Amino acid sequence: MDWLQAHHLGGIAIGICTFFIIGIFHPIVVKCEYYWGTTCWWIFLIFGILGIVGSIWVDNILLSSALGVFAFSSLWTIKEIFEQRERVLKGWFPMNPKRKHLYTSKKKKA
């Protein structure tokens, strides 16, 4: 961390971490909705809360920032899981054939 501070690269390092954390969450949303549907939202709530607590407790600014980005990306994922379900219903993403009955009941109500 001292090297990053000495060369004024802390902001770039935080930006790179943010880019990778947010980038990782997109396939996670798609896979989680495919295999578990929207029932896994509470896992991201727990990860979000733990990330916030970790961000508060860590002194290192790079790690604290990364934990904060992870926390709020986890919380944002809750919203995205439900939106991913709507994207599947629109046919934009593949439907899990093992859970097809859950999608067809939703289509009939809409």
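Trainee: Which residues are buried in α2?
Mentor: Keep in mind that this is a predicted model. Buried here means under 20% relative accessible area. In α2 the residues that count as buried are Gly 10, Ala 13, Ile 21, Phe 25, Val 29, Val 30, Cys 32 and Glu 33.

Trainee: Is Gln 84 buried or exposed?
Mentor: Happy to take that one! Gln 84 sits in helix α4, and its contacts beyond four places in sequence are Val 29, Val 30, Glu 33 and Phe 93. Its relative accessibility is 1%, so Gln 84 counts as buried.

Trainee: Why are the buried residues of α3 on the same side?
Mentor: First, the list: Phe 44, Gly 48, Gly 51, Gly 54 and Ser 55 are the buried residues of α3. They lie on the same side of the helix because the arc they cover around the axis is only 135°.

Trainee: And which residues are exposed on the other side of α3?
Mentor: Good follow-up. What covers the buried residues of α3 includes α2 and α4. On the other side of α3, the exposed residues are Leu 50, Ile 56 and Trp 57.

Methods: Residues numbered from 1 in each chain as written. Predicted model: local features only at pLDDT ≥ 70, side-chain atom pairs only at ≥ 80, totals over all residues. Heavy atoms only, no water. Buried < 20%, exposed > 50% of the residue type's maximum accessible area, 1.4 Å probe, protein only. Helix = DSSP H or I, 4+ residues; strand = E, 2+ residues; numbered from the N terminus. Arc of directions from axis to C-beta. Contact = heavy atoms within 4.5 Å.
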